[in-house]
Every structure is written in structure tokens, then in C-alpha cells.
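Please keep the sequence and the structure in view while reading the points.

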Amino acid sequence: MMPSFETDAAGLSSHPTWMEIDGAALRHNLDQVRRRVASGVKIIASVKANAYGHGIQPVAKVLEEAGVDMLATGSFVEACALRAAGVSTPVLLLAGALPEAMGEVLARGFIPTVYDLDGARAVSRAASETASAPTPVFVKVDCGLGRVGVALDLAAALIDDIAAMRNILVQGLYTHVSFNDSQGMAYSRERLRLFYDLLGSLKAAGVNIPITQALASSALLMGWRDDCTAVCPGHILFGLSPVIPELAELTPFRPILRAVKSRVIQVRDHSSGPDRGTGAYHKNRRQRRTAVAPCGMNDGYRAAVGTHAAQVLHRDRELRVIGVSLEHLTVEVPDDVEIAVGDELIVVAGDGPVALNTVAAWQNHRPIEAMMTFSARMPVLAV
Ligand SMILES: *Cc1c(COP(=O)(O)O)cnc(C)c1O
């Protein structure tokens, strides 16, 4: 899906459901990352997955203005969305494309990631057709996550082979470890040491790779440092933690999600008429008054599971959600609540009674999973 977030007041009244993100919190989080790394270390901001659901275009604009060195996403479509938004910061494509897409990738000026000979050859071939100078690529090493990358013990040979190819240049070498508990942390520390060994032996062999990178959110939260020339945080820039609370405090980082909001499109009084006492389509319920807002499953909202009871906020009052359908959510309105069409409901907030963590827990989701369901389904306003 091509994210499209440009909107205006009129667009918002025709489907009054939107997300607000806090640009100041994002700048603050970037600053917190800068404090954790030595001066001169480049920051590659991971904005993959639609900026972890927060809207890649508004997020990238804030990061570019704040002077981030590079943006990274796995999605070609998202990389195009960055350029469409006028963002000109270099874009690293984390793995995601087939070799046959390399012509398109280079034509757009994105930096591809390679991790095998086929990919490297495809870049070299495409570069011979499209570029005059050697095309920079990043090589991705899998040092233990078991996902994408060239195996540690094959990396030096691959880099050697690439060096012999025309029109292609290894500008960066990176790996990714991520952990959420102490066991994963110990494993990651050990695997990173092997990555650093690889960097050491390449250096000793006279191979000069300007950008090296290994640390992401979990490592940075633990205060780890290394001699690489870049870091690539994602989660912590958005105030999300990949790490269990017992391991590291997220406190210095702030949620950039301000709210998901929706406005009431109808208030119902069920105390008279044919649906008397039934609470509209919820035939087994007895609500006297209900209100409806256009924030249903299609907008990424999910009903609470198990014994949880979801709430939304109307002014500072919690209203119980009694129905989530494809396009609407319905809340119960107690007699003493004054509510009208057009009133704002806060469906999710950065903190308080409907904080992302809480709402996600009602759905039996992790916070990032809840963000993924909202992602790209509504306009995002940077406030
Ligand atoms: C997602 C990703 C990151 C960022 O990870 P976080 O845990 O969100 O900080 C860094 N590097 C690579 C290769 C990634 O895919």
C-alpha cells in the first residue's frame, strides 16, 4: 500500500479519524540517541514499516530537518513515498527487493543492500547501464538473527568478489542484532563480537569500508557502544521499546504517538422507539444511550479480547466500547455525559488510561503490533 497522508480539514470531516504524532518528542528521541554515541557517529534512522506505523512521510520530514544522516526502510514503495514527500536524505534499502529490481532501485538513487553474488551482480549490471560513477552498496551480514544477510564466515569472500566487479563499491557493512531478554542479550553480545572481529580482519587486510554499523535500539538502550561509524535505531526513535522493562528503562525516550482520534458521527437515544432498551444492534445489551465514531477494524481498531473492556476518552471521561465493527466503534454513554456529533474521542493516546500499551494489552497485542494495525490506514498529522 502506498502511504498517502496528505490531508486537510475537509478531508478530515469526510472521515474524521486520524493519528497525531509529536514532532518535538521525535526530535528529543533523536537527541537522546546522539547522546549515546560518540560525536561523528552517523545516525541511520530506521523508518521501515511506515515508520513503525507512525507515518513515514511526516516522520521522515522531522528527521531530515533534525539532520539525520540516512533513512532506512525495507520497502521500495516506502522509499518512493519519501521522495514524493520531498525528503532528499539518502535512503538505504534494507533487504526486500529481488535482483531484477536493481535497475529501478538505482534509477531512483536508493542505496541497495546486497548479501549474495546474484544481488551484487545485478547491481553491477544495472549500474553499468544507469550510472557513470561506481554505485555504492551496503553489505548486510547475518551474525546471528538468522534472517537476511551473508553468513559471517562468507562475508569477507563476498566483499572480495564485489571489489572485483565493475561499477559497484562497498560503502557500508552492517549487521542487526535485536533482543528482548537477558538470554538474547548475552547471545547478541557474543555474536556482535564476531562481527567486530570481521571488521578488524577486513581493516587489517586493507579493505576500507567507510560506513560500519551494528547497534540498534536494544543495544543502545543497554548503553552499548562500539567503534563502528554509524548506528541504526528504530524503536527508540518512536518511544517504543524492544526490550522487556526489567532489562532497560525506556524513560529517556518519549512516545511520539500523541493520539489516534475519531469524532462522533451519531449519538443515539435508545430509550424510545422500536429499538427501545436494546442498544441498537447489540440486541443483548441494555444501553440507553450510545455514540458511534468511524474508527472500526478497517481503520485498524480491534476489539478487546477475553475479559478486557476497552475504553475511549471523551474529554477526560472514559467511555466503554461496546462494539467494534468493520467501519465503526460504538460506545456506551452514561446519562450524565454530554456528548454531541463532532465531539472528539481519543481512541489511543501516548499515555494515560488509553495509552498504546494499555490498548494493545486489551487486544492481546504488543504495542508495535497495535501500531501495525493502525499503520497507513488514516491521515497522520505532526503536531
Ligand atoms: C529494523 C532494523 C533496525 C532497527 O532496529 P530497532 O530494533 O527498531 O532499533 C536496524 N537494522 C536493521 C537491519 C533493521 O532491519
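Against which helices and strands do the buried residues of helix 5 pack?

1. This is a predicted model, in which local features need pLDDT of at least 70, side-chain atom pairs count only at pLDDT 80 or more, and totals for chains, interfaces and linings use all residues. Residues are numbered from 1 along each chain as its sequence is written, and side-chain values use heavy atoms, with hydrogens and water left out.

2. The buried residues of helix 5 pack against helix 3 (48–52), helix 4 (56–65), strand 3 (70–73) and strand 4 (91–93). Helices (H or I, at least four residues) and strands (E, at least two) are DSSP runs, numbered from the N terminus. Contact means heavy atoms within 4.5 Å.

3. Helix 5 spans residues 76–84, and its buried residues are Glu78, Ala79, Cys80, Ala81 and Leu82. Buried means under 20% relative accessible area, exposed over 50%, and partly exposed in between (1.4 Å probe, protein chains only).

4. Strand 14 pairs in the antiparallel sense with strand 15 (residues 317–324) over four bridges; two strands pair if DSSP finds at least two bridges between them. Gln311 stands opposite Arg320 of strand 15. Two residues lie between the strands of this hairpin, where Arg315 takes a positive phi near 50°.

5. Strand 14 also pairs with strand 17 (residues 344–349), in the antiparallel sense over two bridges. There, Leu345 of strand 17 is the bridge partner of His314.
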